[in-house]
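Dear colleague,

I am passing on the structure below, and I would be grateful if you could look through it alongside my notes.

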Amino acid sequence: MPSADPPGGSKPDTIAAIATPAGRGAIGIVRVSGPLVPGIARCLLGCLPAQRVATFCAARDAAGEMLDEGLALHFPAPHSYTGEHGFEFQGHGGQVVLHSVLAACLDAGARLAEPGEFTRRAFLNGRMDLAQAEAVADLIDAASQEAARSALRSLSGEFSSAIKGLVAQLVELRALTEATLDFPEEEGDALHRDEAAARLQRLRLALGDILARSREGSLLRSGIHVVLAGRPNVGKSSLLNRLAGEERAIVTAIPGTTRDALREAISIDGVPLVLVDTAGLRPAADEVERLGVERSRKEVAQADLVLAVFDASSGDFSLPVAPAAAVARVNVYNKIDLVPGFAAPAGERAAVAVSAKTGAGMDALRHAILEATGWKSHAESVFLARERHLRALRAANAHLAAAAEHAHRWELFAEELRLAQLALAAITGEFSADDLLGEIFARFCIGK
Ligand SMILES: Nc1nc2c(ncn2[C@@H]2O[C@H](COP(=O)(O)OP(=O)(O)OP(=O)(O)O)[C@@H](O)[C@H]2O)c(=O)[nH]1
Ligand SMILES: [Mg+2]
C-alpha cells in the first residue's frame, strides 16, 4: 500500500467536517481524520473510545461544558475510510449543536476539511483508485436507481478491474514487442509479429466493448437530451405534458404558443431523460418569437435525440431544421385521433403514430425513444463513466488503431502501445497530475 504521507513528504494534518447535510435532522455527524485523532477524541470525550465499536458518551468543549451526547466511533489507521486515524461523533442533527462539536475539534487541533478531502486522502493512501473515488461522488449525486446501481458497481471496483484487465493485456503485448525490438534478427520474428497482431486485435475488441458500455453509462449520468421540434401547433407541448405525466407546458390552439425552451426531467424504465420543448419552427411573427425559434435551432443542434413532431392531419411532414446527421431522430406523427387509420409513411426507420390527446401510442413512443438513444437496457453491465473516462478510452482506442497501422514498424507500434497504456492508467489514477485531482475532488461535498 502507498505510504500514508502526502507526496511532498510532510506529515498530513488533521481535518474535521460536519458530514451530514445542513438543516435539521435526527442525527448529525462530525467526522475527523488524521494523526491528531486520539488527542482530539480525548479532549472532546474525555477518553479514546474502544476501536470499531459504538460508544455512548458526552462531547464537551475545552472548558468542560457539555455540548451534546451521542455515539462515538474510533477507527485506527490504516483500517478506516481515509487510511488514517479516524473518528466520528454521531450527535443530534441541529446546526448549532453540530457546529459547537466541530468547533471543539478545531480548538483541539484539527482544521476544517475541504470538499472531498476525506476521499482524496483515501485515494492518496491507496484505499481506492481514482475511478472508485469518483464513483463515491457519483453515487451521492445519482439521479436515478440505474445510475446509483451503476455507481455502486464502479465503487466496488468493477470498472477499475475492467480497465486494469486491459492494462495487463497491454503490458504483455508491450513485453512481447520490446523483446522483438531488442533481438530483431531472431528467427521467431515473424511468429512474434503474428502473435502481436492477434493480441492487438483481441485488445481492441475488449476496449471497444468497455467503451460502448461506458458511453451508455455516461448517458445515465447527465440524462439524455431529447428535443421536441416541429412546426407550430403540431402538439409538441402536449406531448411533453403526456410524457411528463403533468401539465408542465402551456398548450393552446394558437400557433406560436411556446416561446422559450422548457426542460423537464423524466425517466423511462429508470433511464434519466431531459425533455426539451421548443418554440414551433416558422418565420417568426415578432421579436420574442424570433428569439424563441433561434433557441429551438440551438437545442436541436445540441440534442442527443430529436423528436420530429408532425401533425398527422396536416399532411405537411417536413421539418424546417436539419439535425446533424449523427443525431438520433424519431418521427412522431401526432393527432392520429383526427385521422382514423393513419399509418406513418412507409420506409421510415424510426416512426411512431400517437395522439397526445387520447394517449394512444405513448408506450410505443417511450420504447422508440429508448431504442433510438441506443439504450440496450443491459443495465447490469454499463459503467457510469465520466467524460474524463470516455476521453481516456477514446484516446487509448485511437492509439491502438494507430498501432495496427504500424504493424511493420516496430518502434512506432511499440510507442503507440505505450501511449495507449498511459491513457488507460490515467483512469484509475496511476499517473495523474495534481491539478486533475484538485478538479475532481473540488466537486465533492464537504465531509466526504
Ligand atoms: N385532436 C388533437 N389535438 C391535439 C393533439 N395534440 C395537441 N393537440 C392540440 O393542438 C393544439 C396545439 O398544441 P400544442 O401542444 O400547444 O402545440 P405546440 O406544437 O406546442 O405548438 P407551439 O408551441 O405553438 O409551437 C392545441 O389546441 C392542442 O390541444 C392530439 O393528439 N389530437
Ligand atoms: Mg408549444
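Predicted model: local features only at pLDDT ≥ 70, side-chain atom pairs only at ≥ 80, totals over all residues.

Residues are numbered from 1 along each chain as its sequence is written, chains are lettered from A and ligands numbered from 1 in the order in which they are written, and side-chain values use heavy atoms, with hydrogens and water left out.

The magnesium ion (ligand 2) is coordinated by S237 through OG and by T258 through OG1, at 1.9 to 2.0 Å; donors here are N, O and S atoms within 2.8 Å of the metal (3.2 Å for Na, K and Ca), and as water is not among the atoms, sites may look incomplete. The pair links distant parts of the chain, 21 residues apart, with S237 in helix α8 (residues 236-244) and T258 in the loop between α8 and β8 (262-268). Helices (H or I, at least four residues) and strands (E, at least two) are DSSP runs, numbered from the N terminus. Both S237 and T258 are buried, where buried means under 20% relative accessible area, exposed over 50% and partly exposed in between, with a 1.4 Å probe and protein chains only.

Turning to the strands, two of them count as paired if DSSP finds at least two bridges between them. Strands β3 (residues 55-60) and β4 (residues 66-75) run antiparallel and are joined by six bridges, with R60 opposite M66 of β4. Their hairpin has five residues between the strands, and G64 there takes a positive phi near 90°. β4 also pairs with β5 (residues 86-93) in the antiparallel sense, over five bridges, and L71 stands opposite Q90 in β5.

Strand β11 (residues 328-334) has six of its seven residues buried, so it is largely enclosed by the rest of the structure. β11 pairs in the parallel sense with β10 (residues 305-311) over seven bridges, V332 in β11 being the bridge partner of V309. A parallel pairing over three bridges also joins β11 to β12 (residues 351-353), where A353 in β12 is the bridge partner of Y333.

Finally, which residues make the contact between α3 and α13? The contact, meaning heavy atoms within 4.5 Å, is made by T119, R120, F123 and L124 of α3 and by D434, L437, G438 and F441 of α13.

With best wishes
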